[in-house]
Amino acid sequence: GTEEAIRSNVRVFLAGALEATPSYISWTLVNLARSPVAQEKAYQEAASQSALTPEAREKSPYLHKVMAESLRLNDALYFLPRVALQEAALTTSKGTLTIPAGTHLILATYHYNRCERYWGATGYAATAFAPERWDEENLASRGLSSKEFWSAVAKQPWPPPPRPRFG
């Protein structure tokens, strides 16, 4: 029932929060260490700020892109466990799959966030750390706006990738 659904979601939230922030920071540093060009851009932008304030954060668009890209590639929860609350049917080119109510499902965000079909549309390989994929100019050169891109990704049969939350 509803109480069990709430308990299940609380368990997921607690598991995600347990190590999410240190993991997120660590992976961001690893990604920057592997990309000297991105590391230098991020360093220059951070060094230009006189203080660590919310205002300084808003003046750091490249750092936002670095964090968004790190979160896309290294989500704290690589999968999201769910239970089908009602029967559902998924139709593909190979037929229809019926998912009975009560079926345990694993939504693999790790794989989704590396899917070339969706992330390759940004002009960068889906598995690459590329903060520039988030540039409005980059998306516009492919006939997309960030709003259209997120809208298209959100309409896919899997959950949309995590949207970065800063602050």
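My entries below go from the whole chain to its salt bridges.

**Ground rules.** I am working with a predicted model, where local features need pLDDT of at least 70, side-chain atom pairs count only at pLDDT 80 or more, and totals for chains, interfaces and linings use all residues. Residues are numbered from 1 along each chain as its sequence is written, and side-chain values use heavy atoms, with hydrogens and water left out.

**Entry 1, layout.** I looked up the secondary structure and found eight helices and four strands. Helices here are DSSP runs of H or I with at least four residues, strands are runs of E with at least two, and both are numbered from the N terminus. Read from the N terminus, the order is α-α-α-α-β-β-β-β-α-α-α-α.

I noted an accessible surface of about 10900 Å² for the chain, 60% of it belonging to carbon and sulfur atoms. Accessible areas come from the Shrake-Rupley method with a 1.4 Å probe, and for residues only the protein chains shown count as cover. Of the 167 residues, 29% are buried. For burial I use relative accessible area: buried is under 20%, exposed is over 50%, and partly exposed is in between (1.4 Å probe, protein chains only). I also checked contacts (heavy atoms within 4.5 Å). Among those with a separation of 6 or more, 54% link residues 24 or more positions apart.

How many salt bridges does a search of the whole structure find? I get six, counting a side-chain nitrogen of Lys or Arg within 4 Å of a carboxyl oxygen of Asp or Glu.

**Entry 4, the pair in α1.** Arg7 pairs with Glu3, with 2.6 Å between the closest N and O atoms. Both sit in helix α1 (residues 2-33), four residues apart, about one turn of the helix. Arg7 is partly exposed at 46% relative accessible area, while Glu3 is exposed at 52%.

Arg72 and Glu69 form a salt bridge at 2.9 Å, N to O. They are three residues apart in helix α4 (residues 61-73), about one helical turn. I find Arg72 buried at 1% and Glu69 buried at 0%. Through shared partners, Glu69, Arg72 and Arg133 join into one salt-bridge network.
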